[in-house]
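Please examine the sequence and the three-dimensional structure shown below. The explanation after them is meant for a reader who meets this structure here.

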Amino acid sequence: MKLKSRIITLGVIGLFLSCATNPFTGKQTMAFVSNDQLFPTSFQQYNQVLSESNVEKGTARAEMIKRVGERIAVAAERWLNANGHQGYLTDYQWEYNLIDDATVNAWCMPGGKIVFYTGILPIAQSETGVAAIMGHEVAHALANHGQQRMSAAYIQQGLAVAGNIALAKDEQTLGIFNQSYGVVSNVAGMLPFSRSHESEADRIGLYLMAIAGYNPDEAAELWKRMSAHSGGKSTPEILSTHPSNDSRIAELNALAPTAKAEASKFGIQSFRPIGKF
């Protein structure tokens with residue numbers, strides 16, 4: 001019992017000492033790895049990806065990706081400054097690249113390094129569609145979701161070790177624990193955690209695209225196209241890292257009026273024409 005108590009006490013102390021505050025929600029988040037450690041590694045990995053990829057430079061669509069990214073970053077800074085978070089982006093190094101690849105994806109590394117693949121552009125359909133994707137990806141970086149996922153993985157691994165230590169003398173129970181822990185911790189812990197990040201990035205991204213002058217109504221339309229592209233097929237939500245397409249569409253539709261109201265605080269009363277490319 002003493003060993004178990006020590007493990008729990010050390011865990012609680014570690015959680016208390018390793019927290020950050022999400023400026024968009026005001027909630028405490030896990031930060032076992034500081035951005036001072038995370039960002040340099042992230043930037044290095046990003047450069048490695050670029051060196052191994054066919055990066056599109058100087059084209060109209062590559063410049064459009066950069067233009068949208070810069071507008072979203074400015075919107076983020078405006079929101080952060082207006083809400084008392086001046087200097088929050090000091091260590092971020094925004095960069096936006098388009099990779100010529102049929103993969104239907106886009107992503108943002110911790111610290112603001114962003115990639116779009118050309119395969120997602122037909123689904124985006126327009127600069128506004130790109131802004132919906134860009135807002136979502138930038139939101140992941142701003143909310144430090146990468147940092148939180150790493151921290152959660154450490155907890156998952158730490159609990160596995162703690163369980164093995166605590167049950168070391170009971171081989172039968174230990175065997176059951178090791179057989180079930182991975183599945184249970186993923187379905188009950190890691191996957192819901194990841195889905196919550198996706199929903200949070202959807203909400204923050206919607207606000208950012210609106211403040212940047214892009215119509216937030218288009219975000220739900222984007223996900224309708226995403227759903228159509230997948231043929232309506234998806235992993236059951238409980239087993240997925242992402243909310244279902246239907247859940248996202250409903251949530252984005254519900255949040256769009258709030259995003260417009262938020263944008264109006266920054267003088268945005270109308271939005272850029274959607275204009276397909």
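Predicted model: local features only at pLDDT ≥ 70, side-chain atom pairs only at ≥ 80, totals over all residues.

Residues are numbered from 1 along each chain as its sequence is written, and side-chain values use heavy atoms, with hydrogens and water left out.

Helices are DSSP runs of H or I with at least four residues, numbered from the N terminus. Helix 3 covers residues 60-82. The expected span of a helix is 1.5 Å times one less than its number of residues; for the 23 residues of helix 3 this gives 33 Å, which agrees with the 33 Å between its end C-alpha atoms. Among the buried residues of helix 3 are Met64, Ile65, Trp79 and Leu80, where buried means under 20% relative accessible area (1.4 Å probe, protein chains only). Glycine 84, which follows helix 3, has a positive phi near 80°.

Helix 5 comprises residues 127-142. Because 16 of the 16 residues are buried, helix 5 is largely enclosed by the rest of the structure. Asparagine 144 follows helix 5 and has a positive phi, near 55°.

The axes of helix 5 and helix 8 (residues 217-229) come within 9 Å and cross at roughly 90°; axes are lines fitted to C-alpha atoms, for helices over the stretch in contact, and angles run from 0 to 180 degrees between N-to-C directions. The two helices are therefore roughly perpendicular, a term for angles of 65 to 115 degrees. Thr128, Gly129, Ala132 and Ile133 in helix 5 meet Glu218, Ala219, Leu222 and Arg225 in helix 8, contact meaning heavy atoms within 4.5 Å.

The loop between helix 7 (171-211) and helix 8 contains asparagine 215, and glycine 213 lies in the loop between these helices as well. Asparagine 215 counts as buried because its relative accessibility is 18%. The side chain of asparagine 215 reaches the backbone nitrogen of aspartate 217 at 2.9 Å. Leaving out residues up to four places away in sequence, asparagine 215 touches Thr128, Met209, Lys260 and Phe271. Glycine 213 is buried, with a relative accessible area of 6%. Beyond its neighbours within four places in sequence, glycine 213 is in contact with Ile268, Phe271 and Arg272.

Conventions
Parallel < 35°, antiparallel > 145°, perpendicular 65-115°, else oblique. Buried < 20%, exposed > 50% of the residue type's maximum accessible area, 1.4 Å probe, protein only. Polar contact = N/O pair within 3.5 Å; in protein donor to acceptor, adjacent residues only side chain to side chain.
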